[in-house]
Amino acid sequence: MSSIANPSSARVLIVGAGLTGCTLAHRLAQEGVESVLLERDAVPGGLIRSEHLNGVLYEPHGSHIFHTEDEEVWELANAMTPFRDYRHRVDILADGQILNWPILLSDIERQSRSGEILRQLAERKDVDAAARAQAANFEDWCLELMGPILYERFIKPYTEKQWGRPARELSAAWAPRRVSVRWDNDPYLFPDPYQGWPAGPNGYTDLIDGLLANGRTTLLAGVDVTLDTLAAHAQEAEADAIVLTCPLDVFSGFALGELEWRGILVRNVHVPHVEHAQGAMVVNYPGAEFPFIRIHETKHASGQQCEGTVLGFEFTGAPTRYYPIETEANRRLNDAYQDHLRAELGAERTFFAGRLANYLYIDMDDCMRQALDASEEILASLRVGA
Ligand SMILES: Cc1cc2nc3c(=O)[nH]c(=O)nc-3n(C[C@H](O)[C@H](O)[C@H](O)COP(=O)(O)OP(=O)(O)OC[C@H]3O[C@@H](n4cnc5c(N)ncnc54)[C@H](O)[C@@H]3O)c2cc1C
């Protein structure tokens, strides 16, 4: 490690140029710290990058809606690219028709067996859903909230398609964030005070480009870093600190074992001659008769005025790293990887941030918050080292 006169003469090596890595580089640059970002792909942005297909702006990895309560994060994102006021609505094909997701009370009369459903809901109106999350599995939690008809229609097939295992084997812990019945008939998915979608010509790629346009960040793309090659990169960059935002098992050559993920794959198709091909940005297809689980159409959020659209068909069970499988064994394994890497690279100069290195499903605002908090830790460590 080189000696540091003050943080502004320090250099940081960041592995992974997704939203987390780019936010880190931006924040460090504001404090005068230079960073080198190493990215495996040919372009930065990770999961959130937007692209064009035949002139239509779309999201190759599926829909991303910015929604947050974190004012500092919202202001930072808006300082990088303007956002348009988009409120996210999701449709679902259930009971042979397109309905709103989450379930609206006002949609129930349109469904078959509506009298029975209403009776089952009335019996459960006072159930404390959040408290149940501690006690039950996912299936029991949902049954207590909405009864068997709505559960079998809306939740069970979608959940089992998404996770590839029976809903009874899933934890109830994340159900309150994912499943609800809207007694107030609010059709929008997110309640957060700040919501939107980038207003510029390149969607989230403008956010990424804004974060990198600071004069103190060097991006090296097409560089797949491993524990074996890191030392050479750190030496070349004259790095005083290292931040990993990549998957730690892959990075370490699976030295301690493999972390489990549930993957998806989105196949994007250009549809000419129509302005929109579906009624909402996301339509869920829970039924087993459909090989895909959702169809995405970015144009609803981007507001782009052009002929043609792009549909993204989302398939589950792909060998990609999208949703961590939250078990105690996986949590322990990721912790063990962090300890292993601190020991290998130097505990005082090694940091972890983002969804992959922390083995978490986190939204964009949480990613940016983690990056801002990690930057503070890094800056403090550089001051101590000075
Ligand atoms: C299906 C899905 C839908 C989502 N929808 C939303 C949403 O609507 N709203 C929301 O706020 N959030 C959403 N998110 C979450 C959002 O995608 C993440 O919070 C965010 O993209 C994470 O950024 P990251 O930088 O931590 O990870 P990533 O975007 O995965 O970036 C990691 C980067 O590291 C690179 N990398 C990996 N290994 C190496 C290596 N060894 N060497 C060099 N580079 C490497 C990768 O190529 C990648 O560019 C969604 C996530 C998923 C999976």
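Which residues of helix 5 meet which residues of helix 6? Phe138, Cys142, Leu143 and Met146 in helix 5 meet Pro148, Leu150, Tyr151, Ile155 and Thr159 in helix 6. The model is a predicted one, in which local features need pLDDT of at least 70 and side-chain atom pairs count only at pLDDT 80 or more, while totals for chains, interfaces and linings use all residues. Numbering starts from 1 along each chain as its sequence is written.

**Helix packing**

- Helices (H or I, at least four residues) and strands (E, at least two) are DSSP runs, numbered from the N terminus.
- Helix 5 (residues 138-146) and helix 6 (residues 148-163) cross at roughly 145°, and their axes come within 9 Å; axes are lines fitted to C-alpha atoms, for helices over the stretch in contact, and angles run from 0 to 180 degrees between N-to-C directions.
- The crossing of helix 5 and helix 6 is right-handed; a crossing is left-handed if the near helix is turned anticlockwise from the far one by less than a right angle, and right-handed if clockwise.
- The contact of helix 5 with helix 6 has eight nonpolar residues, one polar and no charged. Here Ala, Val, Leu, Ile, Met, Phe, Trp, Tyr, Cys and Pro count as nonpolar, Asp, Glu, Lys and Arg as charged, and the others, Gly among them, as polar.
- Helix 1 and helix 8 (residues 204-212) pack at an angle of about 35° with their axes 8 Å apart, and their crossing is left-handed.
- Cys22, Thr23, Ala25 and His26 of helix 1 make this contact with Ile208, Leu211 and Leu212 of helix 8; residues are in contact if their C-beta atoms, placed from the backbone, lie within 7 Å.

**Domains**

- The chain is divided into domain 1 (7-48 + 202-258 + 326-385), domain 2 (51-89 + 188-200 + 261-324) and domain 3 (103-182), with bounds from an automatic or database domain assignment.
- The C-alpha centres of domain 2 and domain 3 lie 25 Å apart.
- Eight residues of domain 2 are in contact with seven residues of domain 3, and the side belonging to domain 2 has three nonpolar, four polar and one charged.

**Ligand surroundings**

- Of the 35 residues around the ligand, Gly16, Gly18, Gly46, Cys246 and Gly354 come nearest; a residue is near a molecule if its C-beta atom, placed from the backbone, lies within 6 Å of it.
- Helix 1 (19-30), strand 2 (34-39), helix 13 (354-357) and helix 14 (364-385) are the elements that give two or more residues to this shell.
- The shell around the ligand comprises 18 nonpolar, 10 polar and seven charged residues.
- The ligand lies between domain 1 and domain 2, because both give residues to the shell around it.

- An open sheet of five strands has the order 12-2-1-13-18, with parallel pairing; two strands pair if DSSP finds at least two bridges between them.
- Strand 12 (217-221) and strand 18 (350-352) stand at the edges with a single partner strand each, so one side of each is left without a neighbour in the sheet.
- From one strand to the next, the twist averages 20°.
- Strand 13 (residues 241-244) pairs with strand 18 in the parallel sense over three bridges, and Ile242 has Thr350 as its bridge partner in strand 18.
- Strand 14 (residues 261-271) and strand 17 (residues 309-324) pair in the antiparallel sense over 11 bridges, and Val271 stands opposite Thr309 in strand 17.

Terms used. Contact = placed C-beta atoms within 7 Å.
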